[in-house]
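Please examine the entry below.

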Amino acid sequence: MPSTDTAPLSSSAPPPGRTAVVTGASSGIGAATARRLAAEGYHVVLTARRKDRIDALATELTAAGHRATAHPLDVTDRAAVESFAAALERCTVLVNNAGGALGADPVATGDPADWRRMYETNVLGTLHVTQCLLPALEASGDGTVVVVSSTAGHGTYEGGGGYVAAKHAEHVLAETLRLEIVGRPVRVVEVAPGMVKTEEFATTRFRGDAEKAARVYAGVAEPLTADDVADTIAWAVTRPSHVNIDLLVVRPRAQASNTKVHRAR
Ligand code: 8X3
């Protein structure tokens with residue numbers, strides 16, 4: 001049974017055949033969004049590199065009476081994304097969630113390899129999947145592209161470096177796409193989360209250094225959870241078709257800006 005946090009928002013289930021593709025669905029915001037959209041009645045297609053994780057989530061959702069399929073995918077692999085799109089029967093919603101941060105070094109000393117990797121996963125990954133699924137989204141007659149960016153796409157901070165640059169690019173991708181496809185039946189929604197405590201985001205950023213990862217959330221009473229962001233995404237997606245939520249910036253109450261966070265001493 002869905003928890004209170006994942007209770008459906010829409011008064012009626014989407015018509016049969018509504019499919020939501022979620023990238024980066026193996027953990028964190030992606031997994032929470034897949035659970036939430038499944039509860040909303042979508043057939044969810046879970047994609048991520050880690051097959052075991054998405055297989056387990058698909059099994060869990062199917063056992064709960066939802067419709068879910070797992071499809072291993074590396075969004076940076078253009079050919080793989082093309083094959084995935086060709087095999088997909090339909091797509092009504094695409095949630096571009098795959099991505100993440102690598103390092104928190106100053107611009108002066110940041111590793112260009114980290115910058116390149118972050119551009120590839122966050123920006124080109126979103127570009128590949130969006131380009132390849134756009135025909136199906138349009139053919140659905142009522143498509144929605146969600147770009148899960150970040151507050152790092154709307155302001156910088158010291159040590160943000162390559163992540164901030166990549167997230168600004170993702171924001172621009174969403175804004176530009178919305179301009180270019182106006183008049184066609186596809187909405188473009190950007191959700192920009194601030195501090196979200198998930199099991200992997202900070203640990204990946206600091207390459208497994210649990211102490212550094214813990215410092216990100218130190219003293220913050222209630223960082224956002226993956227479910228909080230999934231709730232926001234589901235709300236935007238389930239608005240009536242003519243309502244396009246361009247951008248939602250979502251932070252915990254304790255975070256007033258990228259650099260102003262209340263921490264208990
Ligand atoms: C995550 C938010 O503050 O770590 O996208 O850049 S932050």
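**Terms and their grounds**

Q: Why is Cys132 called buried?
A: Cys132 has a relative accessible area of 15%. Buried means under 20%, exposed over 50% and partly exposed in between, with a 1.4 Å probe and protein chains only; Cys132 is therefore buried. This is a predicted model, in which local features need pLDDT of at least 70 and side-chain atom pairs count only at pLDDT 80 or more, while totals for chains, interfaces and linings use all residues. Residues are numbered from 1 along each chain as its sequence is written, and side-chain values use heavy atoms, with hydrogens and water left out.

Q: What class of accessibility does Arg117 receive, and why?
A: Arg117 belongs to helix α4, residues 112-139; helices are DSSP runs of H or I with at least four residues, strands are runs of E with at least two, and both are numbered from the N terminus. Its relative accessibility is 28%, so Arg117 counts as partly exposed. The C-alpha atom of Arg117 is separated by 9.8 Å from that of Tyr163, a residue 46 positions apart from it along the chain.

Q: What makes Thr121 buried?
A: Thr121, also in helix α4, has a relative accessible area of 17%, and it is therefore buried. A polar atom of the Thr121 side chain lies 3.4 Å from the backbone oxygen of Met118. A polar contact is a pair of N or O atoms within 3.5 Å; within protein, one must be able to donate a hydrogen and the other to accept it, and residues adjacent in sequence count only if both atoms are side-chain atoms.

Q: How do you know which residues are around the ligand?
A: A residue is near a molecule if one of its heavy atoms lies within 4 Å of it. The residues around the ligand are Ser150, Ala152, Tyr157, Tyr163, Gly194, Phe201 and Arg205.

Q: Why are strands β1 and β4 said to pair?
A: Two strands pair if DSSP finds at least two bridges between them. β1 (residues 19-23) and β4 (residues 93-96) run parallel and are joined by 3 bridges, with Ala20 as the bridge partner of Val93. β4 also pairs with β5 (residues 143-148) in the parallel sense over 4 bridges, where Val95 is partnered by Val146.

Q: How do you know that both faces of β4 are covered?
A: In a regular strand the side chains alternate between the two faces of the sheet. Val93 and Val95 on one side of β4, and Leu94 and Asn96 on the other, are all buried.
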